[in-house]
Number of protein chains: 2
Amino acid sequence: MNKKLVLSSVALVLGAGYGGAALAQAKPDVLVKQRQAAMTLQGKYFGPLAGMASGKVPYNAEVVARNAAYLDTLNKMPWDGFHENTKEIKSRALPEVFTDTAKFKEATNQTQIAVAQLVKVSKGGDEATVKAAINDVNKSCGGCHDNFRAKQ
Amino acid sequence: MNKKLVLSSVALVLGAGYGGAALAQAKPDVLVKQRQAAMTLQGKYFGPLAGMASGKVPYNAEVVARNAAYLDTLNKMPWDGFHENTKEIKSRALPEVFTDTAKFKEATNQTQIAVAQLVKVSKGGDEATVKAAINDVNKSCGGCHDNFRAKQ
């Protein structure tokens with residue numbers, strides 16, 4: 001865990017930029033764009049799973065396993081983008097992201113735990129178990145979206 | 001490979017949407033947003049590596065290995081977003097993406113090969129070898145950016 005935090009900090013310092021571009025501290029607007037990109041892709045790969053869990057989309061275990069693995073990686077990407085230097089940038093992030101950081105961190109941890117569980121059960125778990133894990137991920141997303149994101 | 005193609009097609013049909021939203025065929029503007037998100041995140045995680053290869057950023061083998069693994073996943077995400085139904089949506093994708101599909105596909109394959117090689121050497125390879133692999137990834141990005149993307 002400490003190692004991950006160190007790496008995140010390194011990435012935050014080095015991050016941002018495109019291709020061979022300059023690599024100073026990431027600019028706030030870049031951080032916001034990057035974290036929103038991670039959310040967009042989580043939507044891409046979680047959307048079909050939510051549809052399967054609710055019965056709107058035919059269940060496909062291979063797609064669940066692939067998307068769960070993608071989500072496990074994507075879910076590591078948004079959080080260093082919620083740097084304090086982004087709090088003045090227009091986005092749906094509520095001020096509480098930057099004032100109630102312990103609760104925000106806990107909410108992001110919960111979603112990482114839920115996604116990890118989905119990855120685990122997606123490897124051969126029965127459909128009901130997998131769908132329950134998908135619903136748990138959905139709930140864990142709500143932990144941030146309900147408390148730390150402005151309604152549209 | 002065939003299996004991957006089948007999964008990509010399934011994802012294309014099911015994909016898009018956020019959370020529990022509707023899951024019909026992804027809309028063209030959503031596909032463009034998603035593919036651009038994948039490019040944004042590839043920029044986030046490749047940027048520091050390009051900086052290391054050019055000597056602008058201190059070399060850090062742990063960051064290289066982590067980012068290379070991230071890139072290996074992210075690099076699988078943009079391509080189904082270049083669906084023919086997106087060709088009227090404003091973006092930097094040139095018409096050749098949709099007319100010279102074989103060359104485009106080959107260029108995307110090259111970047112996947114280059115990233116896979118970087119992943120491989122990032123696991124314990126010496127610094128010079130890793131930096132050469134980073135430069136090869138950079139070149140492979142150019143294979144699309146030079147031929148299939150409008151200059152800004």
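Select A:Leu71 to begin: leaving aside residues up to four places away in sequence, A:Leu71 touches A:Gln42, A:Tyr45, A:Phe46, A:Leu49 and A:Val115, where contact means heavy atoms within 4.5 Å. This is a predicted model, in which local features need pLDDT of at least 70 and side-chain atom pairs count only at pLDDT 80 or more, while totals for chains, interfaces and linings use all residues. Residues are numbered from 1 along each chain as its sequence is written, chains are lettered from A and ligands numbered from 1 in the order in which they are written, and side-chain values use heavy atoms, with hydrogens and water left out.

Stay with A:Leu71, which lies in helix H3 (residues 61-74) of chain A. Its relative accessibility is 3%, so A:Leu71 counts as buried (buried is under 20% relative accessible area, exposed over 50%, partly exposed in between, with a 1.4 Å probe and protein chains only).

Of the 152 residues in chain A, 45% are buried. Among the contacts in chain A with a separation of 6 or more, 66% come from residues 24 or more positions apart.

Next, select helix H2 (residues 28-53) of chain A together with H2(B). These helices pack at an angle of about 130°, with their axes 8 Å apart; axes are lines fitted to C-alpha atoms, for helices over the stretch in contact, and angles run from 0 to 180 degrees between N-to-C directions. H2(A) and H2(B) are therefore oblique to each other (under 35 degrees counts as roughly parallel, over 145 as roughly antiparallel, 65 to 115 as roughly perpendicular and the rest as oblique). Residues in this contact include A:Lys33, A:Ala37 and A:Leu41 of H2(A) and B:Lys33, B:Ala37 and B:Leu41 of H2(B). The contact residues divide into six nonpolar, four polar and four charged; Ala, Val, Leu, Ile, Met, Phe, Trp, Tyr, Cys and Pro count as nonpolar, Asp, Glu, Lys and Arg as charged, and the others, Gly among them, as polar.

The axes of H2(B) and H3(B) come within 10 Å and cross at roughly 150°, so the two helices are roughly antiparallel. Among the residues that meet here are B:Tyr45, B:Phe46 and B:Leu49 in H2(B) and B:Ala68, B:Leu71 and B:Leu74 in H3(B). This contact has 13 nonpolar residues, two polar and one charged.

Move on to helix H5 (residues 101-122) and helix H6 (residues 127-148) of chain B, whose axes come within 9 Å and cross at roughly 165°. That angle makes H5(B) roughly antiparallel to H6(B). The residues in contact include B:Phe104, B:Val115 and B:Leu118 of H5(B) and B:Ile134, B:Cys141 and B:Cys144 of H6(B).

Finish with the cysteines. Over all chains the count is zero disulfides, a disulfide being a pair of cysteine sulfur atoms within 2.5 Å. The sulfur of B:Cys144 is 8.5 Å from the closest cysteine sulfur, in B:Cys141, too far for a bond. B:Cys141 is partly exposed, with a relative accessible area of 23%, whereas B:Cys144, at 9% relative accessibility, counts as buried.

Key: Helix = DSSP H or I, 4+ residues; strand = E, 2+ residues; numbered from the N terminus.
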